[in-house]
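User: I've got a structure up on my screen and would like to walk through it with you. Can we take it piece by piece?

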Amino acid sequence: MTVEVAYCSYCGKSAEGDHEACARRLTVIDPPRYCAECARRMVVQVTPAGWSAKCSRHGEITSAR
């Protein structure tokens, strides 16, 4: 299944443009805050073992991908 990435998962803005700093934050420290498909703010839970982020429309993703 291919997921259409229309929005930045870190800042929630359109995926077009420069999001190098956002991508760096997502790979190093932070879980995604916005759904990449619809830009809705996600419910994020961080634990010592990782994180999970849930979009009300598109479901949950975890750091254990």
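Analyst: Leaving aside neighbours within four places in sequence, S9 is in contact (heavy atoms within 4.5 Å) with L26, P32, R33, Y34 and A36. Bear in mind that this is a predicted model, where local features need pLDDT of at least 70, side-chain atom pairs count only at pLDDT 80 or more, and totals for chains, interfaces and linings use all residues. Residues are numbered from 1 along each chain as its sequence is written, and side-chain values use heavy atoms, with hydrogens and water left out.

User: Is S9 buried or exposed?

Analyst: S9 sits in the segment before α1 (20-28); helices here are DSSP runs of H or I with at least four residues, strands are E runs of at least two, and both are numbered from the N terminus. Buried means under 20% relative accessible area, exposed over 50%, and partly exposed in between, with a 1.4 Å probe and protein chains only. S9 has 18% relative accessibility, so it counts as buried.

User: How many disulfides are there?

Analyst: A disulfide is a pair of cysteine sulfur atoms within 2.5 Å. C11 doesn't make one, because the closest cysteine sulfur, in C8, is 3.6 Å away and too far for a bond. C22 is in no disulfide either, with the sulfur of C8 its nearest at 3.7 Å. By this rule the count is zero.

User: Which residue has a positive phi although it is not a glycine?

Analyst: Most residues other than glycine have a negative phi. The exception to look at lies in the loop between α1 and β1, and it is partly exposed at 22% relative accessibility. With a phi of about 70°, that residue is A39.

User: What is the bridge partner of T47 in β2?

Analyst: β1 (residues 43-47) and β2 (residues 50-55) pair in the antiparallel sense over five bridges; strands pair if DSSP finds at least two bridges between them. The two strands form a hairpin with two residues between them. In β2, the partner of T47 is G50.

User: Which residues make up the largest nonpolar core?

Analyst: A nonpolar core is a set of buried Ala, Val, Leu, Ile, Met, Phe, Trp, Tyr and Cys residues joined through side-chain atoms within 4.5 Å. Beyond four places in sequence, A53 touches P32, M42, V43, V44, G59, E60 and I61. The largest core has five residues: C35, M42, W51, A53 and C55.
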